[in-house]
Number of protein chains: 2
Amino acid sequence: MAHVVIVGGGFGGLAVAKRLAKQRGLAVTLVDRRNFHVFQPLLYQVATGGLSPADICAPLRSVLAPYKNIRTVMAEVTGFDLAGRRVSLDHGELAYDYLVVAAGARHHYFGHEDWENLAPGLKTIEDATEIRRRVLSAFEAAENEPDVERRRGLLTFLIVGGGPTGVELAGTLGEIANDTLREDFRSFRPEEARILLIESGPRILSAFPDHLAAAAERSLLALGVRVRSGIAVAAIDDAGISMANGERIPSKTVLWAAGVKASPLGAMLGAELDRAGRVIVTQTCQLPGRPEVFVLGDMAALKDMPLPGVAPVAMQQGRYVADAIGGLLMNRELKPFSYLNKGNLATIGRAKAIADFGKLQISGWAAWMLWLFVHIMYLVGFRNRIQVFVHWAFQYFTFNRGARLITGEKSAT
Amino acid sequence: MAHVVIVGGGFGGLAVAKRLAKQRGLAVTLVDRRNFHVFQPLLYQVATGGLSPADICAPLRSVLAPYKNIRTVMAEVTGFDLAGRRVSLDHGELAYDYLVVAAGARHHYFGHEDWENLAPGLKTIEDATEIRRRVLSAFEAAENEPDVERRRGLLTFLIVGGGPTGVELAGTLGEIANDTLREDFRSFRPEEARILLIESGPRILSAFPDHLAAAAERSLLALGVRVRSGIAVAAIDDAGISMANGERIPSKTVLWAAGVKASPLGAMLGAELDRAGRVIVTQTCQLPGRPEVFVLGDMAALKDMPLPGVAPVAMQQGRYVADAIGGLLMNRELKPFSYLNKGNLATIGRAKAIADFGKLQISGWAAWMLWLFVHIMYLVGFRNRIQVFVHWAFQYFTFNRGARLITGEKSAT
């Protein structure tokens, strides 16, 4: 019986596993260092106190429990022996006939790795609760700060990067300041908060058509978020940001949404990487010269086929790779992967979004309803769907966000 | 205008604040080092992956936002100047006319403070997620452990202390092993897990009548939990427990539910303390010789009036103290506090509980429905009620527990 080892329980890895569960005569092992899958598109909701971590996570074992040919191993991958067809783990190792590597991406600071603590990014549950802690702690500190200038720094929130994640974070912060916390403080008005979305490119949401990005910018402005585009960050310290044009913006809370870098597991494969650390693979997601090794999702750069780093790409590649392994078992020749773009969505706070389906391009409330529907439908696990729906219904009618807990270690901020 | 400072946003402190909100001509400041209230009776549900932290927490600011005469300060109390009527905080200080101290309790290791890391107790949200991490990590490690003896240690869970918290933890662990994780593992059967509830007294649930405690013990047994009473713990190390009679029980997961000690803020008041660190106060909850200082809840021992350390006592004392402050303002003489015991409840896993209302004593499903109703009704915040109800309804019908996330630092365990 052939043994498939999948590294990573994200959208890509889970899609491979579920598809292979229907394949007879295969044993599958899924390795992840965490015991849960994270629904990354909603991480910003955890970072802003709208949802709890468990609402957007699903224990991998229970997701895969029904499939008796799949074994789940919680372990850290420490290396690959491609010639010997083995994966080394922090405890033990796994032999494979087929290997699928789908370990995703982290933030990219473009050579400024020292910015990571000053401007955290949003990729893991711990990132999200850390951002939540910083944002809420800044409001708490402002309540106790009599000095006007220092309070201004505490109430200034800078988001670097105007892609969908940056826009979602900024919009939600605007909502928090203007609605959620409206009655909570006594020594300042929360709408004194300044929220700035900084984008080095000419405009935000570059993957969307001009007029939709402009609609998003108007929605952001209505939430009190100012967009500063065409301006690059030169330096970040614990008191704020210095821009490339010499401007200085004092702020105690800087969030990073400016770019991603593929998992370091790519380098361990010994293959060629692109500038973002992604493994360059064939259009069949195979490692050149190693047809039994597949790389997919945010970790993979398909040769001459640029693809966005979004969940639908990873999921479609996952299903494709599962079928490709079936094809190899039958000695069939593989057709190249092709991505079916079903549309792009981005949300901007409560009841506003933009949607681009090629011919159909909409913004506003209708786009937001669509965004809501898509995200609830794709959430892994029936329970999470009900939970998230209840949370959102509650938020929608009351403007309240219940998961506003400051937990974890106090940092210097 | 008289200024009341309340230290602590637990059941007691919140009850004082809400009652004083209706009192004219008073300014109130509530100080807590956390920004949220914790519904402690359900902490064990977070520790066992049934609920998320935010489900049982409510941001103090939003609870108190409607009351314009109440100010919330997130700060750590560092000392009291009773003569000068001032409270020192980690940043700044507060002057008061009336002071209410209600900072609760922590675990009590009875001189074995070195056991705290080996056998964590359950008092804070961080305690709960740490216990959750340890329990789930033990199952994960067992899946990777080929050695039978070592696996037995990983699958042995010891709970020290047979009060309601210990019983609830043990029962829920039994449920997890027998139902929730039933299909999740491949190299052992989760019901191989041994769960032992260790009580040094002659029987568990000493606050309940004999026959109800016996019913609880039968329910525990049905969940695979064995009760060992009349046996004391002599030593705890990272491989298990040594009992006073020389018996050795290997276990990687020991949980502590054997006793509580009042907050160290009691000692800072410079008053007489009892053995559990509680401040000895008059039957009017006042500090002897300091009629403007009240202590209540788990921190207070009323002279010659022994009371259990439960939420209803703290809430009733909170309302009593608020009225007493009103009385002092009117120069009225205070009547002693009297506790109206509305009944005792304890739950044992899914669909089993015991209830003692004096004449009416019930066990089983009816007691559990009652427990459910009472706990949902007392949850702070409308949203939390709906959330918790949805979680429980889901758990009840599917045996699933969705908040099974291993988060935070890996410990040596």
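Student: Which strands form the open sheet of three, and in what order?
Tutor: In chain A the order is S14-S15-S16, with antiparallel pairing. Strands are DSSP runs of E, at least two residues long, numbered from the N terminus. Two strands pair if DSSP finds at least two bridges between them.

Student: Which strands sit at the edges?
Tutor: Strand S14 (233–237) and strand S16 (248–250) of chain A. Each pairs on one side only.

Student: How much are neighbouring strands turned against each other?
Tutor: By 15° on average, direction ignored. The axes are lines fitted to C-alpha atoms, and angles run from 0 to 180 degrees between N-to-C directions.

Student: How many bridges join S15(A) to S16(A)?
Tutor: Three, and the two strands run antiparallel. S15(A) covers residues 240–243. Ser242(A) has Arg248(A) in S16(A) as its bridge partner.

Student: Before we go on, what is this model, and how is it numbered?
Tutor: It is a predicted model: local features need pLDDT of at least 70, side-chain atom pairs count only at pLDDT 80 or more, and totals for chains, interfaces and linings use all residues. Residues are numbered from 1 along each chain as its sequence is written, chains are lettered from A and ligands numbered from 1 in the order written, and side-chain values use heavy atoms, leaving out hydrogens and water.

Student: New topic. How many residues does each chain bring to the contact?
Tutor: Chain B gives 50 residues and chain A gives 50 residues. Contact means heavy atoms within 4.5 Å.

Student: What area do they bury?
Tutor: About 4,400 Å², with 50% of it on carbon and sulfur atoms. That is the accessible area (1.4 Å probe) the two parts lose on being put together, summed over both.

Student: How many salt bridges cross the interface?
Tutor: Six. The rule wants a side-chain nitrogen of Lys or Arg within 4 Å of a carboxyl oxygen of Asp or Glu. One pair is Arg61(A) with Glu140(B), whose closest N and O atoms are 2.6 Å apart.

Student: Which element gives the most on the chain B side?
Tutor: H11(B), with eight residues.

Student: And within chain A, what does Arg33(A) bridge to?
Tutor: Glu76(A), at 3.2 Å between the closest N and O atoms. The pair links distant parts of the chain, 43 residues apart. Arg33(A) is in the loop between S2 and S3, Glu76(A) in the loop between S5 and S6.

Student: Back to sheets. What is the order in the open sheet of six strands?
Tutor: S5-S2-S1-S9-S21-S20 in chain A, with mixed pairing. The edges are S5 and strand S20 (286–287).

Student: Do S9(A) and S21(A) run parallel or antiparallel?
Tutor: Parallel, over three bridges. Val100(A) stands opposite Phe294(A) in S21(A).

Notes. Helices (H or I, at least four residues) and strands (E, at least two) are DSSP runs, numbered from the N terminus.
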